[in-house]
Amino acid sequence: MLLIPSKKKKTRHCAVETIRDPRDFYLPLDAYRGTLEPIVELGQKIRKYQCVAHLEGTFATRLHAPVSGRIKAFVLIDGKQYIHLENDFKDLEMAVSSLDTTKLTVEGFSEILAQLGIEGSGGSRFPTQMKYRVKEGRIETLIFNGVECEPYLSADTVLMKEKGEELLRAAQLVQSVLKARRVIFVIEKQNSDVRIILDNEAKKLGIPVEFCMVSNTYPQGGELQVIRSVTGLELKKGEIPGLYGILLNNVGTLWAIYRGIFEGKPYTERVLTISGNQSTGQGNYWVKIGTPVSHLLNEAQNKFDVEGCLVVLGGAMMGKAVFSLSTGVNKGSGGLLLLKKQKKAALNCIKCGACVDVCPQRLMPLEFVRHVENKSVGLLRAFYLQNCIECGACAYVCPSHVPLMENIFKGKNMLSS
């Protein structure tokens with residue numbers, strides 16, 4: 001684990017604000033292990049909450065319109081496919097209503113999550129319905145992850161502060177459907193005020209929940225790290241927590257579940273933090289999926305040097321650089337950061353072992369570079385590259401600025417080809 005500056009002192013105390021809707025939305029068609037297929041046509045008029053694309057099969061999910069309007073184009077942005085939806089500002093909605101929760105089965109619940117397009121909002125975008133493909137009573141421990149260990153991000157923190165009652169009601173429903181014995185919210189120690197808010201709300205509602213306070217280290221918020229902190233179990237990457245009686249959801253995902261079940265609304269909106277060391281306008285905002293990055297930066301009154309600034313969608317450690325400001329927010333986008341570009345020359349590895357010391361998976365990142373260069377697929381497997389969670393802690397501490405993450409991505413491509 002790694003202790004890094006949180007950089008969220010300001011935004012963690014900012015209430016969630018609403019951003020004005022843009023004229024143009026760019027709805028991302030990329031999905032977890034696949035690409036969604038549009039089910040709309042060019043020029044077609046669309047209502048808010050209407051399904052516009054789907055992915056069938058094992059990783060089934062849906063994409064819904066966040067506003068009403070017209071399908072203007074199907075476009076490529078930075079090599080990825082998007083639906084260009086032109087907002088008509090009429091906000092004409094598909095009829096939605098809360099669902100009957102009295103007769104929900106686990107199988108039925110899983111299907112509803114798929115139809116609502118609910119995905120992991122912590123960044124993974126793993127289809128949430130897959131986690132609920134379990135037998136009733138199989139889950140003993142239900143964990144809701146409120147650990148936001150990436151620098152600058154505070155979206156989950158303010159969500160827990162402002163929507164505590166809704167999150168707890170959703171947690172109670174999930175527990176009832178799964179017949180789980182324990183419900184545990186995991187929060188960083190630096191957010192002890194959030195624990196007090198949720199605890200008081202739970203007592204008021206008569207909902208029994210537990211809290212696990214974890215260290216303010218990185219990447220403490222990773223699924224495997226949270227499970228280890230709560231239960232003591234060390235799972236390998238790829239192992240299914242459900243086989244051990246554990247189910248974990250991010251609190252942002254829990255909010256999407258609340259909106260879906262209690263309001264009948266698909267996943268079309270989330271909380272996002274705008275921040276960064278080059279940001280002139282910071283805060284937490286309700287943002288509709290598909291809102292372009294340029295609109296968000298303008299609405300938050302950010303002025304920046306395009307040449308000297310790096311725009312990142314997600315967190316500072318695991319987020320992805322954005323090269324086109326037309327890029328639309330996806331369901332896993334917890335942050336939009338403006339960071340100063342850094343020019344650091346890569347030097348030879350000095351075998352200091354710093355990358356090994358901080359790796360939460362107990363791997364040897366320095367070995368990956370050598371074996372990628374030599375195209376030694378067998379040795380990449382022998383050093384368990386497949387267990388890397390891509391947290392970037394190794395690259396953060398490397399004194400020689402060895403391109404560790406670049407080689408990790410290359411190595412994983414070699415393993416999958």
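Colleague: Is Asp78 buried, partly exposed or exposed?
Modeller: Asp78 counts as partly exposed, because its relative accessibility is 44%, and a residue is called partly exposed when it falls between the buried limit of 20% and the exposed limit of 50%. Please keep in mind that this is a predicted model.

Colleague: Where do I look for Arg362, then?
Modeller: You will find Arg362 in the loop between helix H9 (354–358) and helix H10 (365–373). Arg362 is exposed, because its relative accessible area is 57%, which puts it over the 50% limit.

Colleague: Staying with the backbone, is the peptide bond from Tyr218 to Pro219 cis or trans?
Modeller: That bond is cis, with omega near 0 degrees, and Pro219 itself lies in the loop between strand S13 (210–214) and helix H6.

Colleague: New topic: salt bridges. How many are there in the whole structure?
Modeller: A search of the whole structure finds 27 salt bridges. One of them joins Arg12 and Asp193, whose closest N and O atoms are 3.1 Å apart. This pair links distant parts of the chain, since Arg12 is in the segment before strand S1 (16–18) and Asp193 is in helix H5, 181 residues apart.

Colleague: Which of those two is buried and which is partly exposed?
Modeller: Arg12 counts as buried, at 12% relative accessibility, whereas Asp193 is partly exposed, with a relative accessible area of 27%.

Colleague: What about Asp91 and Lys48?
Modeller: Their side chains also meet in a salt bridge, at 3.6 Å from N to O. Asp91 lies in the loop between S10 and helix H1 (106–115), while Lys48 lies in the loop between strand S6 (45–46) and strand S7 (51–55), so the pair ties together parts that are 43 residues apart in sequence. Lys48 counts as buried at 9% relative accessibility, and Asp91 counts as partly exposed at 37%.

Colleague: Which residues are linked in a network of salt bridges?
Modeller: The network is made up of Asp30, Lys80, Glu119, Arg125 and Lys331. Within it, Glu119 forms a salt bridge with Arg125, and their closest N and O atoms are 2.9 Å apart. Glu119 is buried, with a relative accessible area of 1%, and Arg125 counts as buried too, at 8% relative accessibility.

Colleague: Let's move to the helices. At what angle do H4 and H5 pack?
Modeller: Helix H4 (residues 164–178) and helix H5 (residues 192–205) pack at an angle of about 60 degrees, with their axes 9 Å apart. H4 and H5 are therefore oblique to each other, and H4 passes H5 in a right-handed crossing.

Colleague: And how many residues of helix H3 are buried?
Modeller: Six of the eight residues of helix H3 (residues 155–162) are buried, so this helix is largely enclosed by the rest of the structure. The buried residues in H3 are Ala155, Asp156, Thr157, Val158, Leu159 and Met160.

Colleague: What about Gly411, buried or exposed?
Modeller: Gly411 counts as buried, at 0% relative accessibility, and its place is in helix H13 (residues 404–416). Gly411 and Val377 are 34 residues apart in sequence, and from C-alpha to C-alpha they are 7.7 Å apart in space.

Colleague: Last one: which residues form a nonpolar patch on the surface?
Modeller: Leu233, Ile240, Leu243 and Tyr244 form a nonpolar patch there, and together they have about 380 Å² of accessible area. Tyr244 is in the loop between helix H6 (223–231) and strand S14 (246–250), and Tyr244 is partly exposed, with a relative accessible area of 38%.

Definitions and conventions: Residues are numbered from 1 along each chain as its sequence is written. This is a predicted model: local features need pLDDT of at least 70, side-chain atom pairs count only at pLDDT 80 or more; totals for chains, interfaces and linings use all residues. Side-chain values use heavy atoms; hydrogens and water are left out. Patches are made of residues with over 30% relative accessible area and no salt bridge: like charges are joined within 9 Å, nonpolar side chains (Val, Leu, Ile, Met, Phe, Trp, Tyr) within 5 Å. Accessible areas come from the Shrake-Rupley method with a 1.4 Å probe; for residues, only the protein chains shown count as cover. A salt bridge is a side-chain nitrogen of Lys or Arg within 4 Å of a carboxyl oxygen of Asp or Glu. Helices (H or I, at least four residues) and strands (E, at least two) are DSSP runs, numbered from the N terminus. Buried means under 20% relative accessible area, exposed over 50%, partly exposed in between (1.4 Å probe, protein chains only). Axes are lines fitted to C-alpha atoms, for helices over the stretch in contact, and angles run from 0 to 180 degrees between N-to-C directions. Angles under 35 degrees count as roughly parallel, over 145 as roughly antiparallel, 65 to 115 as roughly perpendicular and the rest as oblique. A crossing is left-handed if the near helix is turned anticlockwise from the far one by less than a right angle, and right-handed if clockwise.
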